[in-house]
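Here are my notes on the model you sent over. Have it open on the screen while you read, and go through the points in order.

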Amino acid sequence: MSAMDSTHADIIKLALAALHRGEAIGLPTETVYGLAADASNPRAVRTIFALKGRPADHPLIVHIADADQLDHWAQSIPESARKLAHAFWPGPLTLILKKQAHVPDEVTGGQDSVGLRCPAHPIALEVLRAFGGGLAAPSANRFGRISPTTAQHVHDEFGAAVPIVLDGGECAVGIESTIVDLTGAKPRILRPGMISQARIEAVIGAVEASGNADSPRASGTLEAHYAPRTPLLMLPRNALECEAIEQRAFGKRISVLALQRLPNDCDGVSLPDIPDDYAHGLYAALRHLDARGDNLLLVERPPDTTAWIAVNDRLRRAAAGVGEDDDAP
Ligand code: TXA
Ligand code: MG
């Protein structure tokens, strides 16, 4: 479906009709593209799992049009949740709350909590408002693969299996939302994202950080998926430059993902050394470099500072050969 065939209004109408039929569509958000379906329709939600090839016990985020819908999906909502929604919605923040009884097990993976987020993308909001209900939407990639940040990435992942992908351009943020669990005694960050721990604490006070990100939290259901497929090695600049020389001496084809500028004689991509700008370009760069089919992808290690927590989290998962989906918090 391209804009040449129909007007914007026609395409939105087609998308809404598909959602009402219980089908999944590609939906742009400000973080990454989602594979969206009616969150109150268990059959529609099962379609998402089938398309992604994702284990059914992985919970999905329900996207809603505004904070007024919180009470429809969640109960016993703490004041901290309303404060965070007020401060950051629409935006890249997901709240884990105690679910209402009617929320399908297919959405929550059988847990008694539900993840809720109001995305800051005009097309996502337009669809959500017109649809009326919630849209369950994981990142629109096959299980264990790199999250998509353009409509073309979604087409590349699913082809004709997902005929309707709304094109909202490049995702502004580029990495998945920050997830805060508000169901426990203390709020806890389950997944770092663009909205930092400091910004969250400025609104609701102390929160616990995500678990030690160095120890993989892989569950027993972990499968051998790789994101990207090319082996990935993360090194500080000097070590990377030496490694590049050595690998080439062995006749290996290498790509480099560098900060700011590529080392001499190296092919690859350089990303800005500003965390938000780096995050914006990260997944497209990994997809591009992975597609080259080289023997090795060398990634320059970003600084180990709080500003880089979310980027380092995604790079560590990629280096471990563990996609975000494989490593549920
Ligand atoms: O930015 C985003 O969050 C994107 C866009 C599309 O909104 N979505 C996204 O969805 O990243 P997904 O399915 O790829 O990742 C959702 C994460 C998973 O790690 C899942 O375990 C966690 O959210 N999650 C969802 N519901 C949860 C719950 N009730 N309890 C704990 N974790 C939950
Ligand atoms: Mg994902």
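**Notes on the fold and the ligand site**

1. Let's start with a strand pair: Val180 sits opposite Ile189 in β8, and Asp181 faces Arg188 of β8. Strands here are DSSP runs of E with at least two residues, helices are runs of H or I with at least four, and both are numbered from the N terminus. The partner strand is β7, residues 178-181, which runs antiparallel to β8 with three bridges between them. A hairpin of six residues links β7 to β8.

2. Before going further, some ground rules. This is a predicted model, where local features need pLDDT of at least 70 and side-chain atom pairs count only at pLDDT 80 or more, while totals for chains, interfaces and linings use all residues. Residues are numbered from 1 along each chain as its sequence is written, chains are lettered from A and ligands numbered from 1 in the order in which they are written, and side-chain values use heavy atoms, with hydrogens and water left out.

3. How confident is the predictor? The protein chain has a mean pLDDT (confidence in each residue, from 0 to 100) of 91, and 91% of its residues reach 70 or more. Residues 212-226 are the stretch to treat with care, with pLDDT below 50. Beyond near neighbours in sequence, that stretch still has 24 contacts (heavy atoms within 4.5 Å) in the model.

4. Now the whole sheet. Eight strands form an open sheet with mixed pairing, in the order β1-β2-β6-β3-β5-β4-β7-β8. Two strands pair if DSSP finds at least two bridges between them. At the edges are β1 (25-27) and β8, each pairing on one side only.

5. A polar side-chain atom of Ser113 is 2.9 Å from a nitrogen atom of ligand 1. On the oxygen side, the side chain of Arg191 has an N or O atom 2.9 Å from an oxygen atom of ligand 1, and for Arg54 the distance is 3.0 Å. The protein covers 97% of the 680 Å² of accessible area (Shrake-Rupley, 1.4 Å probe) that ligand 1 has on its own.

6. Two backbone details to check. Trp89 and Pro90 are joined by a cis peptide bond, with omega about -10°, and Pro90 lies in the loop between α4 (79-88) and β4 (93-98). Ser76, although not a glycine, has a positive phi of about 50°; this residue is in the loop between α3 (70-73) and α4.

Technical notes
Polar contact = N/O pair within 3.5 Å; in protein donor to acceptor, adjacent residues only side chain to side chain. pLDDT = per-residue confidence, 0-100.
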